[in-house]
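Here is a short note for a colleague who is opening this entry for the first time. Please keep the model in view while reading the points.

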Amino acid sequence: MSIGKILLIGFGPGAKQHMSLRAVEAISEADVVIGYSTYINLVADQLEGKEVVRKGMTEELDRSIEAYQQAKKGKTVALISSGDIGVYGMAGPTYEVLLQSGWRPDDEIEVEVIPGSTALSACASLVGAPLTHDFCSISLSDLLTPWPVIAARLNAVAKSDFVVALYNPKSGRRTGQIVEAQRILLQHRKPETPVAIVKSAYREKQNIQMVRLDEMANCNIGMLTTVLIGNSSTFIEHGLMITPRGYANKYNPLTGEVNSEERRGRSLTMGLDGWQACARQYMQENPKKSLREVSNYFAMPLAQLITAIAAASADDPAGEFKAIALSTDPLTLIQKESAALGAIRAVVRSEAGAVSELMLNGANFKQRGEWLNIENEHFHLHIHWQKVAGAWMVQQHDRLYSIHFVDAVGDSVFNLSLRKTAARFDKQALAHYQQLWQQQRELVGVADE
Ligand SMILES: C[S@@+](CC[C@H](N)C(=O)[O-])C[C@H]1O[C@@H](n2cnc3c(N)ncnc32)[C@H](O)[C@@H]1O
């Protein structure tokens with residue numbers, strides 16, 4: 001008996017000239033072709049003499065089970081899917097069915113996945129070059145994915161300035177998801193952000209709309225539409241939607257300054273090795289900016305900025321800022337040293353941006369189990385110590401003498417700083433802080449300042 005084979009074929013957006021040679025060849029090799037009815041129609045001219053199994057939209061697992069059963073009979077079975085079969089396609093469910101049925105990759109039934117041009121690249125090709133920088137895709141179908149998961153992903157990519165491709169944006173029943181997606185994206189993106197709405201790419205009813213993000217949800221969007229949303233650099237010129245390859249147009253490569261005018265084509269020097277020097281130069285040129293303002297400006301966690309400050313040298317200073325990582329256990333340091341630091345200010349920020357500034361002194365610190373409690377008659381501040389992954393001493397001449405406690409991501413948990421009274425720092429407290437600073441320097445073997 002001949003040995004069966006399963007060909008998982010992505011045939012691209014729809015037009016034959018956009019199918020890969022291997023996809024055409026694989027369909028011709030097949031004895032049986034299984035697919036959703038619309039897909040079968042799209043490759044109808046290649047099916048002569050073949051057994052064709054048309055399945056409905058909801059019969060996904062049936063398609064995979066049928067493919068396996070036919071392959072077990074020794075047939076070569078093509079399971080076809082539009083775009084790339086591995087992108088929101090049948091490759092995943094088929095492998096799941098096979099593995100659950102005891103099939104293994106070294107089984108005599110061979111499985112071949114044949115890639116195709118996915119909707120996002122097909123749609124992008126029709127509107128210009130919107131995907132030439134980092135992008136991601138999100139499906140708005142909440143049939144198998146809970147909406148809170150989709151919303152969290154939308155929020156994360158909107159914040160991170162990815163170009164976004166929305167698959168399954170809307171159907172007859174699912175009409176609210178695109179409205180909600182627009183609302184979330186607008187929290188982080190400008191209303192005029194370019195959006196391309198591409199319907200039935202490379203098919204008979206192809207339709208393209210170029211709109212703004214704040215117009216997106218009111219447009220003609222359906223099941224066969226992919227929505228491409230630009231990042232902060234994407235622009236439309238002469239009807240073409242283009243995302244520049246780099247952010248050189250956005251940041252001055254030397255200072256990190258945001259350019260008021262676009263300067264396309266400049267190379268990026270704000271890379272892993274370069275950005276810290278840019279940040280230090282920015283602090284040098286903007287001496288009144290706080291640590292928080294600078295870290296927001298560069299969109300980097302606070303600890304990353306402090307690392308850039310700690311790497312400063314006489315030739316390459318970070319303005320008036322200096323920093324050193326604490327080598328002593330921070331909790332022990334607080335318990336031992338806080339009393340000698342006199343009047344202290346603790347600053348804690350909520351995720352929503354509220355800032356608490358608490359005036360306290362060393363006597364207010366108490367450790368209870370995993371918690372550091374800072375308590376007096378006016379407030380109780382409870383800090384879960386396991387959240388604290390590191391601490392830094394950061395100072396700025398005559399403005400800031402602080403210890404910053406950061407989490408594993410590098411975001412601030414809280415910070416303590418010396419407080420001025422009558423516009424002056426207490427001499428003894430300051431001397432103690434500087435003594436601690438010197439101790440930390442000695443611990444890491446840095447020479448005296
Ligand atoms: C289940 S997903 C299948 C994706 C497919 N496997 C791919 O790689 O393109 C269906 C979604 O793909 C998008 N899509 C598929 N073909 C398209 C086309 N020709 N034009 C625009 N969007 C398309 C639509 O967003 C549609 O809702």
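Leaving aside neighbours within four places in sequence, which residues is Val-113 in contact with? The first point takes this up.

1. **Val-113.** This is a predicted model. In it, Val-113 sits in strand E5, residues 110–114. Beyond its neighbours within four places in sequence, Val-113 is in contact with Leu-8, Ile-85, Gly-86 and Ala-91. Val-113 is partly exposed, because 17 other C-beta atoms lie within 10 Å and burial takes 20 or more. Pro-148 is another matter. Val-113 and Pro-148 are 35 residues apart along the chain, and their C-alpha atoms are separated by 32 Å.

2. **Overall form.** The protein chain has twelve helices and 24 strands. Its radius of gyration is 30 Å, well over the 22 Å that the globule rule gives for 449 residues, so the chain is more spread out than a compact globule. Along the principal axes, the C-alpha atoms fill a box of roughly 95 × 55 × 40 Å. Of the 449 residues, 36% count as buried. Take the contacts with a separation of 6 or more: 62% of them join residues 24 or more positions apart.

3. **Domains.** The chain is divided into domain 1 (5–117), domain 2 (120–242) and domain 3 (320–443). The centres of domain 1 and domain 3, taken over C-alpha atoms, are separated by 62 Å.

4. **Around the ligand.** Which domains does the shell around the ligand draw on? Domain 1 and domain 2 each give at least three residues. There are 23 residues around the ligand, and those that come nearest are Gly-83, Val-87, Thr-118, Ala-119 and Ala-201. Helix H5 (119–127) supplies at least two residues of the shell, and so does strand E11 (225–229). By type, the shell divides into eleven nonpolar residues, ten polar and two charged.

5. **Nonpolar cores.** In soluble globular proteins, nonpolar side chains tend to be buried together. The largest nonpolar core here has 43 residues. Ala-279, Leu-305, Ile-306, Ile-309, Ala-323 and Val-394 touch the most other members. Helix H10 (residues 302–310) gives this core its largest share, six residues. Another core lies apart from it, with 32 residues, among them Val-157, Ile-197, Leu-228 and Met-241.

6. **Helix H8.** Which residues of helix H8 are buried? In this helix, residues 275–285, they are Trp-275, Gln-276, Cys-278, Ala-279, Arg-280, Tyr-282 and Met-283. An α-helix has 3.6 residues a turn, so residues three or four places apart point the same way. The cover over the buried residues of H8 includes helix H9 (291–297), H10 and strand E14 (321–325). Ala-279 also belongs to the largest nonpolar core.

7. **Val-347.** Val-347 is in strand E15, residues 343–349. Not counting residues up to four places away in sequence, Val-347 touches Val-355, Glu-357, Phe-414 and Asn-415. Val-347 and Leu-416 are 69 residues apart in sequence, yet 6.6 Å apart in space, C-alpha to C-alpha. Why is Val-347 partly exposed? It has 16 other C-beta atoms within 10 Å, and partly exposed residues fall between the limits of 12 or fewer for exposed and 20 or more for buried.

8. **Two positive phi angles.** Asp-398 is not a glycine, but its phi is positive, about 60 degrees. Asp-398 is in the loop between strand E20 (390–396) and strand E21 (400–406). With 11 C-beta neighbours inside 10 Å, Asp-398 counts as exposed. Ala-423 is not a glycine either, and has a positive phi of about 65 degrees. The loop that holds Ala-423 runs between strand E23 (420–421) and strand E24 (424–425). Ala-423 counts as exposed, with 5 C-beta neighbours inside 10 Å.

9. **Ala-44.** Is Ala-44 buried or exposed? Ala-44 is exposed, because 10 other C-beta atoms lie within 10 Å. Its place is the loop between helix H2 (37–42) and strand E3 (51–55). Ala-44 and Gly-14 are 30 residues apart along the chain, and 11 Å separates their C-alpha atoms.

Terms used
Residues are numbered from 1 along each chain as its sequence is written. This is a predicted model: local features need pLDDT of at least 70, side-chain atom pairs count only at pLDDT 80 or more; totals for chains, interfaces and linings use all residues. A residue is near a molecule or strand if its C-beta atom, placed from the backbone, lies within 6 Å of it. Helices (H or I, at least four residues) and strands (E, at least two) are DSSP runs, numbered from the N terminus. Ala, Val, Leu, Ile, Met, Phe, Trp, Tyr, Cys and Pro count as nonpolar, Asp, Glu, Lys and Arg as charged, and the others, Gly among them, as polar. Domain bounds come from an automatic or database domain assignment. Two residues are in contact if their C-beta atoms, placed from the backbone, lie within 7 Å. The radius of gyration is taken over C-alpha atoms; the globule rule is 2.2 Å times the number of residues to the power 0.38. A nonpolar core is a set of buried Ala, Val, Leu, Ile, Met, Phe, Trp, Tyr and Cys residues joined through C-beta atoms within 7 Å.
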